[in-house]
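Please open the model in the viewer and keep the sequence at hand.

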Amino acid sequence: MSRLPVIVRYRERALDQAAIVSALALARMDEPGELAELTGRQDAQLVDLLHDFAFNGRKLIEATKRDAMGCAEYATRTTLFCGKESEEENWDIKMFSLLEVFGRMIHSDHLSIARAHVPTASGAPAPGASAWAFRVSSDRDRAGEWNFVYIEFLITEFLKFDELLRHDIRLAEILLSP
């Protein structure tokens with residue numbers, strides 16, 4: 001029995017959350033300014049949205065695996081560059097799969113937003129800080145160890161998975177049509 005309706009429902013939820021996460025991550029508060037007072041609220045909402053995005057993304061990947069869709073293989077490949085921070089070691093680059101990052105987000109003991117003055121398209125530093133990344137640690141990480149995840153990389157990898165998923169959905173619809 002096909003889980004296609006479930007897959008489509010989780011896909012829509014995850015895409016909606018990815019759109020809002022992207023909007024909040026790209027928003028910058030020019031400091032000093034009255035709107036900068038909203039930064040803390042934005043970060044709290046972004047943490048909640050990231051958890052929801054991870055939950056729906058993981059449910060989506062699990063459903064595609066159960067239906068043996070080709071896109072599921074991409075979600076388990078180590079394609080996502082993340083930083084690895086530790087109290088004992090220097091910062092290091094690690095690779096994770098989309099599924100691994102979602103799992104760490106869902107089971108997080110700690111998830112916090114990192115803001116910085118990221119470069120604009122011209123290369124000049126932006127006048128305000130953007131929520132460009134987050135730190136997450138879960139039960140899969142050693143004590144004092146955090147994964148530094150770039151929001152844009154996470155969303156981009158999800159969209160690559162989604163491109164493959166759209167193809168798989170079209171194939172499934174053809175196969176299921178009378």
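In which helix does D168 lie? Select D168 in this predicted model: the residue belongs to helix α5. D168 is buried but forms no salt bridge; R170, the nearest side chain of opposite charge, is 8.5 Å away. Next, display the backbone of G70, whose nitrogen is reached by the side chain of D168 at 3.1 Å. Setting aside residues up to four places away in sequence, D168 touches M69, G70 and C71.

Remain on helix α5 and select R166, which is found there too. Is R166 buried or partly exposed? R166 has a relative accessible area of 36% and is therefore partly exposed.

Now turn to helix α2. Its 28 residues should span 40 Å at 1.5 Å a residue, and the C-alpha atoms at its ends are 40 Å apart, so the two values agree. Just after α2, select A68, which adopts a positive phi of about 55°.

Finally, select the largest nonpolar core, which has 44 residues. The members touching the most other members are L50, F102, M105, F134, L154, F158 and F161. Among the elements that each supply at least two residues of this core are α1 (4–26), α2 (39–66), β5 (128–138) and α5 (151–176). Centre the view on L50: beyond its neighbours within four places in sequence, L50 is in contact with V21, M105, L111, I113, F134 and L154. In soluble globular proteins, nonpolar side chains tend to be buried together.

Note on methods:
Residues numbered from 1 in each chain as written. Predicted model: local features only at pLDDT ≥ 70, side-chain atom pairs only at ≥ 80, totals over all residues. Heavy atoms only, no water. Core = buried A, V, L, I, M, F, W, Y, C linked by side-chain atoms within 4.5 Å. Buried < 20%, exposed > 50% of the residue type's maximum accessible area, 1.4 Å probe, protein only. Helix = DSSP H or I, 4+ residues; strand = E, 2+ residues; numbered from the N terminus. Contact = heavy atoms within 4.5 Å. Lys, Arg positive; Asp, Glu negative; His and termini not counted. Salt bridge = Lys/Arg side-chain N within 4 Å of Asp/Glu carboxyl O. Polar contact = N/O pair within 3.5 Å; in protein donor to acceptor, adjacent residues only side chain to side chain. Expected span 1.5 Å × (residues − 1).
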